[in-house]
Amino acid sequence: MAASIIQLLPDHVANQIAAGEVVQRPASVVKELLENAVDAKSSDIKLIVKEAGKTLVQVIDNGLGMNTTDARLCFERHATSKIRKAEDLFDLHTKGFRGEALASIAAIAHVELKTKQDQEELGTHIVIEGSKLVTQDVAVLPKGTSFAVKNLFFNIPARRNFLKSETVEFRHVMDEFQRVAMAHPSISFTLIHNGSELYNLPSSNYRQRIVNIFGGKTNEKLVPVSEETELITISGFVGKPEFAKKSRGEQFFFVNDRYIKSAYLHHAIMSAYDGLLKEGNQPSYFLYLQVPPHTIDINIHPTKTEIKFDDEHSLYAILRSAVKHSLGQFNVAPVLDFERDANLDTPYEYKNREADFPTIQVDSNFNPFATEKSSSKPLSSFGSYKKETTTASWESLYVGLKQDTQEIESFSFESEEVTSKLFDDDVIETKTTSTYQIHKKYIVSAIKSGMLVIDQGRAHQRVLYEQFLTNITVQKASSQQLLFPLELYFSSDEMILLKELQSSLENTGFVFDAFNADSIQVSGLPIGMAESEVSIVLEELIGNLQNEIPESSFSQSDSIAKSMAKSMAVKTGTYLTEKEQENLVNSLFACKEPNVSPFQKPTFITLTVEDLDKKFAI
Ligand code: ADP
Ligand code: MG
């Protein structure tokens, strides 16, 4: 008989393998340690992180603590105080239960544990490195537990090298911190990163906790949801539809105080918003579901962020109708106005704002008999979101075909500084042939071989994109000074991102006077950006970048340029004067890649004379 070849793996190897499932990155350690602190009935939890957790993740709690034996045992695999028998799996009231987190973490890091129970005189101090006990002493300690996890993946260089940039890793850390903090508003939480305090969340209620995390402006956006049935109790908040954003930032489900992901329940929410959202917009939601523990299975995934519900279909229906009800009851639906002019909003506070100079706008083109006011907008609102209703009648076919459209005379003092560079006089005037705007969407121009049809929005995106990219990477743009600095408010994580982007944004022409804890002061804008656009452009930028944090600095510049180009480009429905049309066409063809928008969509098409001949040949 040949020798047996199967062996049992030593514990430290088994632990390292298990760690691969539980600990993907520093944020995984954050999650496990925070959850343990919550399970230990703490009322105050501190998270201290260095270099996005690569060098240190420490959690200090004031919970139950452990006695000396438990302090040693907690690092063993399958060592848990939370369940005793298989049936307990169906009646879980704690975050942890698998008893493998600490064993896994200790296998791949340097861990220092200090813990003391309330009734004891002295506590226990243990150091473990790569599953090996280094020291164990008694020590004078406060009540509670501190776990410090240093040098994560010190013995698995491949994993360590696989970690992303500090920004990306820290984003994950923040996500975990926020999720646990949102699920437990009665516990106070602090987050300190590289020595600076980013969050100090006092014990409060759900609403206040959400506002403390996402910024004061969140409060007015929330609509409460509440529903109680035998199957499920729902509480929490959904965002008013008009505040929905392009990004999927603030969407949270908590089931029995545990953050979970569920595409299915997400769908239920989206269908409750049916007809209330602009295409592609995402509402925020913070929903807390309580279900009987035996109706869910949490143990289907090592990180426990996906769970299985017994009766998913009913939950779907209840959730959907509860959200629908709230949106209706709080009169959210009828006041919707998607076409509202962003220029009329002042979403920021004017600091020391004095009275405006009166402005006179003379529309020399006004024709009381025309069905459509074709030149009702001054140049300054170029690039806004304003949409005018398109006339359905046959006359609309001729809109914009008038040969000698006169310039709008605008005596607005503000319009001086917000005139887009695209339309400055110094753009080379190479008027070769006339251009026409049709349906406030396309610009048509004759060329040698036939005709050119340009999509104005995409063309402008291309022009702005190349301009911003150049500004960020090669040559800083000049900026337009504001008479009165603007103060714009953001949440803490938005502020972190903005700081990260500060120098790139300054290259595009932004001038920042101050970065405060929850606001920035802007005193200069990129040329061509209207004051009323600033907060929208920045919010969209943050939304876009939060969704997909760029890895390299080039892709960061690229993302900024793309996002700003998209936000600032003229939209379909904007009337362009003939001069503006020409400038746009000229600027487009001066681009490096005129054929496609920054999002790789065609900017123009050509119709040759043959194409046209063919159409007439029938
Ligand atoms: P689990 O949380 O699944 O039980 P862990 O490996 O995370 O497994 O923790 C093992 C055990 O260590 C826990 O069951 C608990 O008894 C103890 N423990 C861990 N962290 C703490 C803490 N912060 N305070 C008190 N006890 C703790
Ligand atoms: Mg645990």
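**Group meeting: packing and backbone in a predicted model**

Let me begin with Leu-141, which sits in the loop between strand S5 (132–139) and strand S6. This is a predicted model, in which local features need pLDDT of at least 70 and side-chain atom pairs count only at pLDDT 80 or more, while totals for chains, interfaces and linings use all residues. Residues are numbered from 1 along each chain as its sequence is written, chains are lettered from A and ligands numbered from 1 in the order in which they are written, and side-chain values use heavy atoms, with hydrogens and water left out. Helices (H or I, at least four residues) and strands (E, at least two) are DSSP runs, numbered from the N terminus.

Back to Leu-141. Is this residue buried or exposed? Leu-141 has a relative accessibility of 16% and counts as buried. Buried here means under 20% relative accessible area, exposed means over 50%, and partly exposed is in between, with a 1.4 Å probe and protein chains only. Leaving aside neighbours within four places in sequence, Leu-141 is in contact with Lys-114, Thr-115, Lys-116, Gly-123 and Thr-124. Contact means heavy atoms within 4.5 Å. His-125 is 16 residues from Leu-141 in sequence, and their C-alpha atoms are 8.9 Å apart.

Now the whole protein. There are 16 helices and 25 strands. Of the 618 residues, 50% count as buried. The accessible surface comes to about 30,300 Å², and 53% of that belongs to carbon and sulfur atoms. Those areas come from the Shrake-Rupley method with a 1.4 Å probe, and for residues only the protein chains shown count as cover. Among contacts between residues at least 6 apart in sequence, 71% join residues at least 24 apart.

Next, helix pairs. Two packed helices are described by the angle between their axes and the distance between the axes. The axes are lines fitted to C-alpha atoms, for helices over the stretch in contact, and angles run from 0 to 180 degrees between N-to-C directions.

The pair I take up here is helix H2 (residues 26–39) with helix H6 (residues 166–183), packed at an angle of about 20° with axes 8 Å apart. H2 and H6 are therefore roughly parallel to each other. On this scale, angles under 35 degrees count as roughly parallel, over 145 as roughly antiparallel, 65 to 115 as roughly perpendicular and the rest as oblique. The crossing of H2 and H6 is right-handed. A crossing is left-handed if the near helix is turned anticlockwise from the far one by less than a right angle, and right-handed if clockwise. From H2, the contact uses Pro-26, Ala-27, Val-30, Lys-31, Leu-34 and Val-38; from H6, it uses Glu-169, His-172, Val-173, Glu-176, Phe-177 and Val-180. By class, the contact of H2 with H6 has eight nonpolar, one polar and three charged residues. Ala, Val, Leu, Ile, Met, Phe, Trp, Tyr, Cys and Pro count as nonpolar, Asp, Glu, Lys and Arg as charged, and the others, Gly among them, as polar.

Another pair is helix H11 (residues 456–473) and helix H15 (residues 578–589), whose axes come within 9 Å and cross at roughly 50°. That makes H11 oblique to H15. The crossing of H11 and H15 is left-handed. Gln-456, Ala-459, His-460, Arg-462 and Val-463 of H11 meet Leu-584, Ser-587 and Leu-588 of H15. The contact of H11 with H15 divides into four nonpolar, three polar and one charged residues.

Staying in H11, which holds Gln-461: this glutamine is buried, with a relative accessible area of 12%. Not counting residues up to four places away in sequence, Gln-461 touches Ala-565, Lys-566, Ala-569, Ser-597, Pro-598 and Phe-599.

Ser-326, in helix H9 (residues 312–329), counts as buried at 4% relative accessibility. With neighbours within four places set aside, Ser-326 is in contact with Val-223, Pro-224, Val-225 and Ser-226.

Last, the backbone. Which value does phi take at Ala-52? Phi of Ala-52 is near 55°, a positive value in a residue other than glycine. Ala-52 is in the loop between strand S1 (44–50) and strand S2 (56–61), and is buried, with a relative accessible area of 0%. Asn-151, also not a glycine, has a positive phi of about 50°. Asn-151 lies in the loop between strand S6 (144–150) and helix H5 (157–162) and is partly exposed, at 34%.
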